[in-house]
Amino acid sequence: MNLLEQAFGAQAGLAMGLMAALGSGLLIGLERERHKGRGHAGTRAQEPAGLRTFTIAALAGALAHGLAVPGLVAVGALAVTVLAAMAYFRSSERDPGLTTEMALLATYLIGVLCVQAPLLGAPAAVTLTALLSARTALHRFATRMLREDELHDGLLLAALALVVLPLMPTEPLPWLAGMKAHSLMGLMLLLLGLQAFGYVALRLLGAQTGLALSGLMSGLVSSTATIAAMGQRARAEP
């Protein structure tokens with residue numbers, strides 16, 4: 001940062017943001033450019049955006065924020081959205097997916113974030129790139145590995161954690177013997193989370209290692225409940 005301050009003076013922060021946006025756009029664009037080369041039957045996929053487009057989008061977001069013109073960031077986001085929509089309608093017959101178009105808009109916003117907070121914009125770009133590159137693995141996980149009951153249980157656990165827990169009152173309740181509903185729900189979520197961890201470990205690592213990890217994590221919360229649960233499992237599945 002000292003070198004940037006010496007070179008750019010008061011604009012060192014903007015220069016750092018522009019460099020972060022440039023790196024972010026190049027990183028995401030490289031992934032999309034490689035995706036172009038993975039078309040069906042060895043042909044090149046006709047994606048509407050690649051390396052240069054994503055790099056320009058990130059730089060455009062950084063410049064829109066750096067110029068500090070009121071409304072320019074919103075106008076730029078609208079322009080990118082319109083261009084992405086036009087590209088989607090032109091290529092929807094060949095590829096009905098919206099991944100590249102949504103990634104283009106996200107890249108523009110990451111460029112804006114790189115000027116506001118470079119230490120947040122760069123990790124956001126890495127996360128987006130990892131998500132895009134994991135397409136095959138995520139598709140395989142969603143369609144082949146994840147079962148219907150597992151999806152239902154995961155959604156229920158997420159709903160309890162993200163919806164029900166924040167709504168629980170934090171003050172002591174007389175009808176709960178002075179206990180807090182929020183704390184009780186948090187404890188229940190902890191137990192459910194440990195059970196979910198044990199189930200995932202069992203599926204991924206097998207019975208020997210998975211059950212050992214499950215017993216270790218559950219025992220940290222309640223050794224009595226763990227012994228009872230393990231005994232029940234041993235009777236059901238010798």
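Good morning. A helix here is a DSSP run of H or I with at least four residues, and helices are numbered from the N terminus. With that term in place, let us turn to the structure, which is a predicted model.

I begin with S24, which is found in helix α2, spanning residues 12-36. Is S24 buried or exposed? Its relative accessibility is 4%, so S24 counts as buried, the cut-off for that word being under 20%. Which residues does S24 touch, once its neighbours within four places in sequence are set aside? S24 is in contact with I110, C114, G121, A122 and A125.

My second residue is T107, which belongs to helix α5, residues 99-116. T107 has a relative accessible area of 0% and is therefore buried. Leaving aside neighbours within four places in sequence, the contacts of T107 are G25, I28, F54, A57, A58 and L128.

Finally, I would like to consider charge. Side chains of opposite charge can pair when their charged atoms come close. How many salt bridges does the structure hold? The structure holds one. The partners are E31 and R32, and their closest N and O atoms are 2.8 Å apart.

To conclude, please keep two points in mind as you view the model: S24 and its contacts, among them I110 and C114, and the salt bridge between E31 and R32. Thank you for your attention.

Terms used
Residues are numbered from 1 along each chain as its sequence is written. This is a predicted model: local features need pLDDT of at least 70, side-chain atom pairs count only at pLDDT 80 or more; totals for chains, interfaces and linings use all residues. Side-chain values use heavy atoms; hydrogens and water are left out. Helices (H or I, at least four residues) and strands (E, at least two) are DSSP runs, numbered from the N terminus. Buried means under 20% relative accessible area, exposed over 50%, partly exposed in between (1.4 Å probe, protein chains only). Contact means heavy atoms within 4.5 Å. A salt bridge is a side-chain nitrogen of Lys or Arg within 4 Å of a carboxyl oxygen of Asp or Glu.
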